[in-house]
Structure formats: C-alpha cells, structure tokens
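Keep the 3D view open as you read.

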Amino acid sequence: MKQTRCKICVAGAVQGVGFRPFVYNLAARLALTGSVTNTSEGVQIEVQGDGAGLERFKKAVISECPPPAEPVITGVEAVEPIDNENLFVIRDSRPEGKRELSITPDTATCAACLAELNDPADRRYQYPFINCTHCGPRYTIINDIPYDRPNTTMREFTQCTRCQSEYDDPGDRRFHAQPNACPACGPHVWLADAGGKSLDADKPIKQAIEFLQAGKILAIKGLGGFHLAVRADNDEAVAELRKRKYRKAKSFAIMVRDIETARQFAHVDKTAQELLTGKERPIVLCRKRPDSPLSTLVAPSSRFWGIMLPYTPLHTLLMQGDYPGLVMTSGNQTDEPIESDNNSSREKLGGIADFFLMHNRGIYTSCDDSVLRVFQSEPLMLRRARGYVPTPVILARKGRGDILALGAELKNTVTFVKDNKAFVSQHIGDLGTTVVYESFVRTVEKLGALIGARPQIIACDLHPAMLSTRFAQTYEDIQLVRVQHHHAHIAAVMGEHNLEGPVIGLAVDGIGYGSDGTIWGGELLYVWPDRIERKGHLQQIPMPGGDVASLEPWRMAVSCLIKTFGSPKGVTLANELITDIPSANINAVAVMIIKNINSPLCSSLGRFFDAVSALLGICRENTYEAQAAIELENSAAPDEHNAYPVEIETRDDIKILLIEPVMQALVKDLHSGLGRGIIAAKAHNFVVEGLTQLATELSQETLCKTVALSGGVFQNEIILSRLVDTLERKGLSVYFNRKLPVNDGCISFGQAVVADTLIRKKSGV
C-alpha cells in the first residue's frame, strides 16, 4: 500500500497536558509511523501511513485530545516518505524557531491523582505534590518554553528510578509530566513558627490541622503563593486575623471540603457548581444561606460567601480537619502582592501568622486566586488569575505587530498582543506601593519573555502621572499610544465580543482621567475601536481633596449637598445628617468646595454612590476600594422599584444626567424617616433609569442599536441586571465583559485593542 507522509504543526494549549503521549498512542492505534516533538511554536508532528489512516489521524488529533488540551492545527504540509520506518516516536523538544506560548494554566488535582492520594496502598498516599499530565502546576512554575522540566522550578528535583520510569513510558499517565515527583525524590513540606524556625513535626500537615482546629492562624504556601488560613466558624480567630492584617471589613474567601459542604452554607446553582468543581477552581460568589455555621465576620456586610474547593493535594489534605471551612485569604500585607517566596514570607507574614506550613517547590510566577460570580446563568469574571492565565483572548484578526499595553493604576493587569492572541496577565494589584509596582515590572518582563514578544507599540493610560504611564515612557524608539481610561473600558468589550463599532458605550466607575482634564466616571460615549465621542455624563460635582475623597465618602456627601442646596444651607444639612464626622472637618471640607481648593470636578458614578452611602450612614470611610458602594448595594431593598427623579439637560450637545433633583428628594426622604433600604434602592433605580434614558436617546440619534457596558460599577448586580433588562426591552443589543473583569482589570486589554486598530490604520489595513 502506498505510503504518504505529512508534517502537521499544532498550536494552542498542547504542552504540559499529555498531548504528545496522546498523539503517540493515537498513531500506534492507527498503525502509523513518524514522530512528535515540542517546539517553541507548539507541537510538530510528522506522520506516515496510508491516506485513509492519515485523514483519521488529523481529525482525531482535534476531536479525541485529552481534556486539558486545546489544539489548533496551524499547518499541514506533504513531505517525502521515509523508507523502512516502522515506529512512531516522541523526540526531544526543539526550542529554536518562533516562540508560541502554549502553556496551559495551573489546573486542579484530577480524579485519578485524588484516588491515589487517598489510597493507603499507593506509594504517593497523602503526598501533597501528586500530579500528572492532566493536572497540577503549569504557569506558576515555568520560566521558559518549551514546557520541559529544565525550564521549570522542578529542575532542582532529580526523579527517582520509579518516577523516571513513569516519565519515560508513553503508556503512563505521567509520561512527560514535568512536575512529576514522589516522597522519595520530590518537594516536601514542613512547619515553622512565626519567626520562621522549623518545628520538629513528623507529620507537619497533621500538626497544621491541629493548629487550625485550635483557632491558630497559619500561612500556607500553595500553588501561586501563600494563603493566610484560619477556621471559618471561629469568631475570635477570624477577628484576630482581621486585626493582624489590618483588614477591617472586606470579605474573606473560604475553602470548603466539597460541593455538598458548600451547599450547606450557600445557594449553589448549576453554573456555580460547574465553576467550583471545574479544573480552574476559582473563588465563586454564592448567596448566603441564613442558617450558615460560618462566622459572620468572614463576610460581615455581604450577601455572598466567596467559596472555593481544594485545588491542590495539599489543600485536599488540610480540608480533612474538623472544621466546616477555612478562611483562605491572600498571604500578603495590605495593598501588597501575594507572597510566594519562603524567605520574604517570613518577614512579611511573621506578624500575622502563628505558624507557617511551607514547602520547597519554587513559585516562579505568583498568582492570586481568580474570582467569579454567576450572572444570567453564565460566569462573570471579577478577578482573573490562577486557572485562567495565560490562556489568551482570541482577537478577530491577526495583529500587524506585537503590542504591550500597561493597564490602569488600580487592579492592574498588562496585556501582550501577538498575532491574533491577547495574553492578559494575572491580576497584579494597585500600583500605589513600591512592592506592587515592582511586581508589575516583573510581570512585564516575565510574560514578555515567555511569549517572545517584541513590542512595536506601547499603549498606556492618558493620565500623565500614572505609574504605568511613566513606565511606558522608559521605552525608547517605540511608538507610544495614550488611551483614555473609559475608551479602554469600552474597547475591551468590543475586543472580547469582536464588535467592529461604532457602539454606544456606558462606562461607569470610580475615577478616570478625562481628555478634558477633569475626572470622568459616569460616561455616555459613542465609540469606535480607535476613537470616542463624549455624548453625555453624570453631572459634575467637586471632589474635595482629590483622591482623599475616594477614601472618605462623607466628603462627597458634603459636596453633593452644597452643589444641590448651596451655601450655607448645604453646609448646615451636612452637619445635621453626617453626625459621626466632627463639624470642624465638615466645615473645612465645605470651605475647600466653596473656594475651589483642591476640589477637581468629577462626573463619577462611583463617587455619587459614595455620597449616598455616607448620607445614609452606611459607610463613611472606605477601608477597601468601593466599600461604600458595595455596602450600599447590600443595603438596598430588593423589592423596591421606585426611583429618584431622572432629569437630563443638554448643554453644548452634551447630555447631563442631573444629581440635584436626586439629592433634593433623598434629603426629603431622610427627614421623613424613610428606611435606608428603600432610599438605597431608589438611588440604584435612578441610575438604571438614567443610564437607560441616556443610551436610548443616543440610539435614536445615531440609529446605533449596540450598547457596551464596562466599568467597576457594573460589578453591582442590581445595576447590571436591571440595566441589561431595560435596555434589551428597548430593543438594544447589550454586551459586557465576561472573560475579563468589567473593572479596571480589563483596561490593558482595551488599550491593546485600541493600539491594534491604530497599527492597522497606519498600515492601511
């Protein structure tokens, strides 16, 4: 029978997922010969046999591949057959050539490994680093491609004879599993005290469980960094963790043993269950049950628990303790990145943790837990990190050159665009501290090196003082594109959903530097990928003290009252309604507003919510970002559908959504003794009706029927759900971010979309 041979190039998620042994076994089953190898571009296959067998092979490579793999055939080329070839082999990796990142994210322990973990007869029984080609660490341990053991932090561990035999056997589940190890040759765990001194514990995990059961705080080194853990049903222990970490009110995440346990504490629907039990294992926000045994101090002002299931063998073993769940919060000091280094963690976490559970498998790239919620029965990303990074967002067209986009100041991420793939980094954090900025720089270097990016254009925020913007200016001889913050927000939606534009953009958040030099944050925009027209916004009000007003919502309450009622009546009302702030402070801020001292104008919807929250006495100091707005949402009466009055004025062809009528009605309600839950709901409904009217009026003027929503305010479930519903009932098509966060975590991707469009226009494409 005539033999033919072809070379098949495969890209996508095909390294570190058992793809080569799958190809090997597929070729053997079909009686084909040839070879398969990892390259810097992905996987290259040469396969030889009869024509029918080759056709079956090409189809099966895609349709029958192992679950973690996501192969894409990028090329098929006929080559000369090789005489007397009688085997199919797996060849050593070839690092040369164009680099194509194809590493899968870190994945949760698979069922087969869990079975071995719990089998007393297995040699890896209760070994906390058990893994195979279908599960375990990937992105957090790799420092170069192709994904081979010497390019990971596992290079320090030489496999024993039995592990090496598994690694070399194409029929074994651990064939070329780069983190493969066992108790005889792999990493190990140990316990240390708060000062980092190792404890004499024969069974450190068992001892750690006993400490946790006793209410102690442990720093636990995991997959992408350290967690701070304490039992979640112990008020005293949770309160002590809050005290030591200086975390007054922000919710903690909890880890529970299994999905049945999760259902005891929270309402878990089908989508939430799929997320909780999937290979990514994110934190999922699930509505609380009223009879939960967990401490109310875990999430004191939230209607939700942030729940995750164990995703490493170490976590699985720790969850065997006698507690309903563990608080598992990022192991860091306030406003700093998650700790991932043993030595640094002793210094940074020694004042928080009573004990450390550490291990010696290195973490090359630290990675927080991802956070999602379910919206309209589908996942909605809130923080994108472990389990999802570095999976790229696929763009509609292949790019004209490599792009680096540097993101925003808060919830920073960076994005590299290469070909038609946008690699959005893990959540980095807020760039206001030196250590976070240093983490930002390292992420740019590491991710860029991993994918072999050579940026031809750098995209950054319009704000000249932003640290990411300053960093962008350090690149010489590379084109710099400055993208307005809210343009990036809407462009991120367009890029994720492949919208050509124009679209009507509703970009609503805390603050963003506007093209007119004022602070934006409640914007009606008409948007193309490369430009925007500002068509409307929330009425501007002074922001006394600038950024300080973001920390002290009562300042915005004073500002709204003075804007509405003037002086001195507004000042008098402020002193009457904001009783827990000293009059001297209120009067000093009033002077700043009246005399326009350090009180920039802002159209921010986030600051409007701050003002309402402060006036209702819900939150007058933000101890974490958007606390006042989050607690206002949690206070809103769910069955209240009345709204504060919506009035829109047009000034110089710009639509202004007025807040003065709202403040007048709100103060009247306060004086009448109306419940704050109803007032909070009426404020939310005002926003929904106001944004709906702005968008529908612009739609009528432009005949555009597509609306894109982005910005941190859309993390508010009341606003998002009711706005989507009302806009769709008006006949409009509504899009928003799902794969990426609607908050500033999507900004770098949006900047990259804008930059890519500009490159195309410049090249005439």
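## Ground rules

A residue is called buried when its relative accessible area is under 20%, exposed when it is over 50%, and partly exposed in between, using a 1.4 Å probe and protein chains only. Helices (H or I, at least four residues) and strands (E, at least two) are DSSP runs, numbered from the N terminus.

What you're looking at is a predicted model, where local features need pLDDT of at least 70 and side-chain atom pairs count only at pLDDT 80 or more, while totals for chains, interfaces and linings use all residues. Residues are numbered from 1 along each chain as its sequence is written, and side-chain values use heavy atoms, with hydrogens and water left out.

## A helix under cover

Start with helix 19, residues 627-635, which is mostly covered: 7 of its 9 residues are buried. Those are Q627, A628, A629, E631, L632, E633 and N634. What does the covering?

## Helices with a buried side

Now look at helix 8, residues 270-277, where T271, A272, L275 and L276 are buried. They sit on the same side of helix 8 because they cover an arc of only 130° around the axis; the arc is that of the directions from the helix axis to the C-beta atoms. These buried residues pack against helix 7 (259-265), strand 10 (283-287), strand 11 (304-308), strand 14 (371-375) and strand 15. At the start of helix 8, a side-chain oxygen of D269 comes to within 3.2 Å of the backbone nitrogen of T271.

Helix 4 (161-168) has buried residues too: C163, E166 and Y167. Seen down the axis, they fall within an arc of 100°, so they line one face of helix 4. T161 and R162, on the other side, are exposed.

Is F749 buried or exposed? F749 counts as buried, because its relative accessibility is 0%. You'll find F749 in helix 23, residues 747-763. Leaving out residues up to four places away in sequence, F749 touches V393, L395, T415, A422, V424, A492, G495, E496 and L740. The C-alpha atoms of F749 and L404 are 9.4 Å apart, though the two residues are 345 residues apart along the chain.

N151 is in the loop between helix 3 (111-117) and helix 4. With a relative accessible area of 19%, N151 is buried. Its contacts, again without residues up to four places away in sequence, are I141, I142, N143, D144, I145 and P146.

## Empty spaces

Rolling a probe the size of a water molecule over the atoms shows where empty space is left. On a 1 Å grid over the protein atoms alone, a cavity is a set of points where a 1.4 Å probe fits but cannot get out, and a pocket is an open set with protein on both sides within 12 Å along at least five of seven lines; lining residues have an atom within 4 Å of a point. Grid points are joined across faces, edges and corners, and a volume is the space filled by probe spheres set on the points.

The second largest pocket has a volume of about 740 Å³. Of its 30 lining residues, E70, R384, Y388, T391 and P392 are the closest to the centre. There are 7 cavities of 30 Å³ or more, and the largest cavity holds about 110 Å³. Among the 18 residues lining that cavity, P128, L223, T312, P313 and R361 are the closest to its centre.

Key
Contact means heavy atoms within 4.5 Å. A polar contact is a pair of N or O atoms within 3.5 Å; within protein, one must be able to donate a hydrogen and the other to accept it, and residues adjacent in sequence count only if both atoms are side-chain atoms.
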